[in-house]
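Please read it alongside the sequence and the coordinates.

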Amino acid sequence: MSGYDPDGTSGNDTEKDARRIVHVDMDAFYAQIEQRDFPDRYAGKPIAVGGDPPRGVVQTASYEARPYGVHSAQPAVEADRKCPDLIFVSPRMDVYQEESKRIRKILRRYTDLVEPLSLDEAYLDVTEPKTGRPSGTLIARRLRAEIYEETGLTASAGVGPGKFVAKVASDLDKPDGLTVVRPDEQMEFIAQLPIEKFHGIGPVTAAKMQELGIQTGADLQETPERTLIHHFGKRGRHFKTLAVGTDDRPVQPDRDRKSVGAERTFPEDIARAETMLDRLSPIAERVAQRLRQANRKGRTVTLKLKSHDHQVSTRQTTVDRPLRAEDALMTITERLLRRPHPPDEPVRLLGISVSSLTDEERAGGQLEFDFRP
């Protein structure tokens, strides 16, 4: 879609008054860095950054691997089966973190309102930029060009009046693309989205919405808010806000995370503890990855279980020293699962979260377990 107010001098009053939010998303960040640094080994080849089979998990897949069905958070053994020529590459988190710092310095040339979501993506509010005209389109173009010139890495970007639209837009023309949604195009843009694209709508919620005849953003726009609240609680109001384009969430540069976690809903009930542990392993790897990206460690580990009839229970413990590594998370998670006994009912969802967070620099020390049920 075309950019709005590209000169900062034209456009109607609605466009002039609208916020300009940019979502920048690096393309296959970890894999792209490996292909840049080791072109003879990896350039143009399907690679997966992460652990090797059989127990490893894919953190990032190159675009050459994705047509085979390889994607992040996928068990390495499954990725290897889908793409026999796949090359597994051990992650170099210190390198990725340094590149992320370089990229954020580029982003902050245009605004101090930068909200990092992880090492490879961030929101920017460029409604009142530090330099140049207040054009989301031009700033997004310059950002992508400067990132490439200074790092050799490509980024995709989305521009819109709110965070939701900007984030969805950034995913539409990857890799190395730019999509801009004007304020007067926003409702039409949202209307054509499948409901799975909406923030907070996972497989279970999507299935429930489909039962109600809600398939797209247009269906959400037409559904009364009271109906959504009746079926989905306070989340229904959030879904309606996104659907009608009134997403006014601010870009928060100093966002302080309370916890880091991940969860997964399964298509079938899981009854055996050993099977639960197998399913928890990639979840723990995902949480460890997110903690590394956020440069955090934590002391409190929570295991979330949801039964087939949607009853949610949690088991939690706190350790003396902050932790982050996957093996440490799995050690504690296994204890939580088995003590005082494995779940009595089959589960449909499993999740792990880490709270009581601290900066890595302040964490220090070696892990010491002090298990308190």
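The side chain of E121 makes a polar contact with the side chain of H23 at 2.7 Å, a polar contact being a pair of N or O atoms within 3.5 Å in which, within protein, one must be able to donate a hydrogen and the other to accept it, and residues adjacent in sequence count only if both atoms are side-chain atoms. This is a predicted model, in which local features need pLDDT of at least 70 and side-chain atom pairs count only at pLDDT 80 or more, while totals for chains, interfaces and linings use all residues. Residues are numbered from 1 along each chain as its sequence is written, and side-chain values use heavy atoms, with hydrogens and water left out.

**Annotated site**

- UniProt, in an unreviewed entry, lists E121 under "active site"; such annotations may be inferred rather than shown by experiment.
- E121 lies in strand β6, where strands (E, at least two residues) and helices (H or I, at least four) are DSSP runs numbered from the N terminus.
- E121 counts as buried because its relative accessibility is 18%, buried meaning under 20% relative accessible area, exposed over 50% and partly exposed in between, with a 1.4 Å probe and protein chains only.
- Leaving aside neighbours within four places in sequence, E121 is in contact (heavy atoms within 4.5 Å) with H23, V24, D25, P116 and K167.

**Helix α5**

- The 15 residues of α5 should span 21 Å at 1.5 Å a residue, and the end C-alpha atoms are 21 Å apart, which agrees; the expected span is 1.5 Å times one less than the number of residues.
- Among the buried residues of α5 are M93, Y96, I103 and L107.

**Salt bridges**

- The structure holds 25 salt bridges, each a side-chain nitrogen of Lys or Arg within 4 Å of a carboxyl oxygen of Asp or Glu.
- E115 and K163 meet in a salt bridge (2.8 Å, N to O), which links strand β5 to helix α7 across 48 residues, and both E115 and K163 are buried.
- D247 forms a salt bridge with R249 at 2.7 Å between the closest N and O atoms; D247 is buried at 9% relative accessible area, whereas R249 is partly exposed at 28%.
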